[in-house]
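Here is a chain to read with a few definitions in hand. Each answer sets a value against its rule.

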Amino acid sequence: MYLLYLDDSGSVKNASDKEVILGGLCCYEQTPFYLSGKLDSLANEVWSENPKSLEFRGVNIFSGKEHWRGIEKDKRLETYKKALSFLEQSKNIKLFGAVINRVALSPGDPIEYAFEQLASRFDQYLTRIFKNGNNPQRGLIILDKSTYETSLQMLAREFRDVGHRWGHKLVNMSDVPLFVDSKATRMVQYADMIAYALRRYYINHEQEYFDIISKKFDNECGVIHGLVHFTSPASGCQCIVCLQKRAAS
Ligand SMILES: [Zn+2]
C-alpha cells in the first residue's frame, strides 16, 4: 500500500494569505519507519532532554515558537534544511503539493480544490505504478487532524465522489482519508514542512527551502505531475509548473 501524508501550511485559516497551500509526501508502507527514525535522530541532536516532544512544524521552527523557543535562529533553519534534505535523499518518496490562489479560483473553495487535485493526482500515480510494473497497489490519504476543521471534513465523507468533476473517478483508494494527530506521527510533520517550504517559495518568495526538495515532486521524465499552481494566467508566474504549462501551450 502507498500512503499519502498531507498538511496545509496554515494558510487556510489566514484569510490574508493570497494562496492556500496543501502539501505532503507519498511513500510505500515500509518507508515511514526509516524516515521517522531520521527525524527522531535529528530531534535528539536539537533537544536531547526530550526529543520525542519536539514537533517539527515549519512555522514554529521559523518563528522560534513552542519547543523551538530558545534555540538560535541559525540552528533552527539549519535543522529545517536538514529535515528537508532527508526527503531529497530518499529514493522511495514522491512529493505532492497544491498552491491555489484564492482570487483566481473564486468563488470556488481553494482547500477543497487543492485536496481534489492531490487525491486525483495520487490516484493517477498509483495507476501509473500499475501500468509500468504490473504492480497493483492501494492508496490511503492521511491528514493532520487540524485540517479536519476545514471543508476537508465534508470532503472526506464524500470522498468517493472526489475527481468526478473531471470525469476521473478515484479507483485505487483503500478507504476514506484518515485524520491523525501530527504530534503522534513524524510523517505528518514532514508533510507540514513540505507545505511550509511551498509557503516560503510562493508567498515569501524565498527559494532556498523549496530548491532542496523541488526535484522530488512526482514527475515523469521531467514533466511535473505532483505540483499544481492554480493562478491567473495574467500573473505571469515564473514558478516551475507555470513555466512548464506555458512552454507546453
Ligand atoms: Zn506558478
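A residue is buried if 20 or more other C-beta atoms lie within 10 Å of its own, exposed if 12 or fewer, and partly exposed in between, with C-beta atoms placed from the backbone. The model is predicted: local features need pLDDT of at least 70, side-chain atom pairs count only at pLDDT 80 or more, and totals for chains, interfaces and linings use all residues. Residues are numbered from 1 along each chain as its sequence is written.

Q: What share of the chain counts as buried?
A: By that rule, 38% of the 249 residues.

Q: What makes helix H7 mostly covered?
A: Of its 17 residues, 16 are buried. Helices here are DSSP runs (H or I, at least four residues), numbered from the N terminus.

Q: How do you know that the end-to-end distance of H7 agrees with its number of residues?
A: The expected span is 1.5 Å times one less than the number of residues. For the 17 residues of H7 (residues 186-202) that gives 24 Å, and the end C-alpha atoms are 24 Å apart, so the two agree.

Q: Why is H3 called roughly perpendicular to H7?
A: Axes are lines fitted to C-alpha atoms, for helices over the stretch in contact, and angles run from 0 to 180 degrees between N-to-C directions. The axes of H3 (residues 73-89) and H7 cross at roughly 105 degrees and come within 11 Å. Angles of 65 to 115 degrees count as roughly perpendicular, under 35 as roughly parallel, over 145 as roughly antiparallel and the rest as oblique. Therefore H3 is roughly perpendicular to H7.

Conventions
Helices (H or I, at least four residues) and strands (E, at least two) are DSSP runs, numbered from the N terminus.
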